[in-house]
Amino acid sequence: MKSIPVLALVAVVASCRLDTFFRGSGGGAPPVAGPPAGLRFTDQPQTTHARKTLPPVRVAVHDDQGNVVAGFGGVVGLTIDSDTGGVSLGDTTTVAAANGIATFRHLRIDKAGAGYRLVASAPGTALGPVKSQAFAILPPLTGNITVTTTTAGSNLPSGYTVTVDDSISQAIGINAVVTFVGLAAGNHVVALGGVTPSCTIGGANPDSVSVSGGETAQASFAISCAAPPPPPPPPPATGSLTVTTTTTGSSVPAGYTLTLDTGQSGTIGANASVTAAGIPAGDRTLTLSGVPSNCTLASPNPQIVAITAGATTRASFAISCAAAGP
């Protein structure tokens, strides 16, 4: 009669020991991983717009049972599958694993397309490369650029021309705002043209502007204008003067002297003509001197001559001489 309870107790003890054996003494402790046997993507690349950073991609090093090898701290690299040529992968494509997992937080692809795959490898190890699931890259996001002009001073122009990337242009007033829409995200060059020589721009021209997808970037130009210096005064208008002398009688002198109130002077024969150029326009006083005492002038002396710019004025003197006494 007493043997039955003893057998039951043995069965209970055995059951407890078997349960402890299969559960392990730690009550759920993680298994110890074996040596590295392969790579796998634990966070696959996701569909993203071109030139934008992909969500983090993670690659784990596992043993032959699929357990993460937490002790692995080597380098893991990513490339684009060779089937997708002409596409670049940036920025950080190699990282050191931490606790057996390599996390890539700065990946970008510059070209839209479908069916892209990343290839993970562990340089310097015997681990074979592994490909990710296929994913797509959407066309790049677009944004806008708003350009503002502020012009101050005098002698202002009527307006300017704004050009983005040497390809698209818009007219803009001297104190105005225009917007370029649908520009690809990234850096763009904005140039202001039509600035007159009397105006200066207080900043870079052209200017580099960074555009983010779905946002509007700003570019501004401050222009200062001044009145141009007055033109130099024109050279004085001048004309020419032709003077003729006519001398009759006897004891005629060899010649005379002509003088203008401008200070110009010269000699002239008793019967001759001379021309002087470069005489300032206007009324001028012409004097004939050197007339000997035996000669008299039949013409006024001095004379007022009207000099016309670009023309020739004529004047004459008539002299009569008598024989000189002994």
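User: Where does His62 lie?

Analyst: His62 sits in strand S3. Keep in mind that this is a predicted model.

User: Okay, and is His62 buried or exposed?

Analyst: His62 is buried, with a relative accessible area of 17%. The cut-off for buried is under 20%, so that value falls on the buried side.

User: What does His62 touch, leaving out residues up to four places away in sequence?

Analyst: On one side of the sequence there's Pro35, Pro36, Ala37, Gly38, Leu39 and Arg40, and then Asn67, Val68 and Val69 are also touched by His62.

User: Switching topic. How many salt bridges does the structure hold?

Analyst: There are three salt bridges in the structure. One of them pairs Asp43 with Arg58, and their closest N and O atoms are 2.8 Å apart.

User: Which parts does that pair tie together?

Analyst: Asp43 belongs to strand S1, residues 38-43, and Arg58 to strand S3, residues 57-62, so the bridge ties together parts that are 15 residues apart in sequence. That is the strand His62 lies in, S3.

User: And how accessible are Asp43 and Arg58?

Analyst: Asp43 counts as partly exposed at 29% relative accessibility. Arg58 counts as partly exposed too, at 24%.

User: What does Lys131 pair up with?

Analyst: Lys131 forms a salt bridge with Asp81, and the closest N and O atoms are 3.1 Å apart. Lys131 is in strand S11 (residues 130-131), while Asp81 is in the loop between strand S4 (75-80) and strand S5 (89-91), so this pair ties together parts that are 50 residues apart in sequence.

User: Is Asp81 buried or exposed?

Analyst: Asp81 is buried, with a relative accessible area of 8%.

User: What about Asp91, which residue does it bridge to?

Analyst: Asp91 forms a salt bridge with Arg108, with 2.8 Å between the closest N and O atoms. Asp91 lies in strand S5 and Arg108 in strand S8, residues 107-109, so the two tie together parts that are 17 residues apart in sequence.

User: Are those two buried or exposed?

Analyst: Asp91 is exposed, with a relative accessible area of 51%. The cut-off for exposed is over 50%, so Asp91 makes that class. Arg108 is partly exposed, at 30%.

Methods: Residues are numbered from 1 along each chain as its sequence is written. This is a predicted model: local features need pLDDT of at least 70, side-chain atom pairs count only at pLDDT 80 or more; totals for chains, interfaces and linings use all residues. Side-chain values use heavy atoms; hydrogens and water are left out. A salt bridge is a side-chain nitrogen of Lys or Arg within 4 Å of a carboxyl oxygen of Asp or Glu. Helices (H or I, at least four residues) and strands (E, at least two) are DSSP runs, numbered from the N terminus. Buried means under 20% relative accessible area, exposed over 50%, partly exposed in between (1.4 Å probe, protein chains only). Contact means heavy atoms within 4.5 Å.
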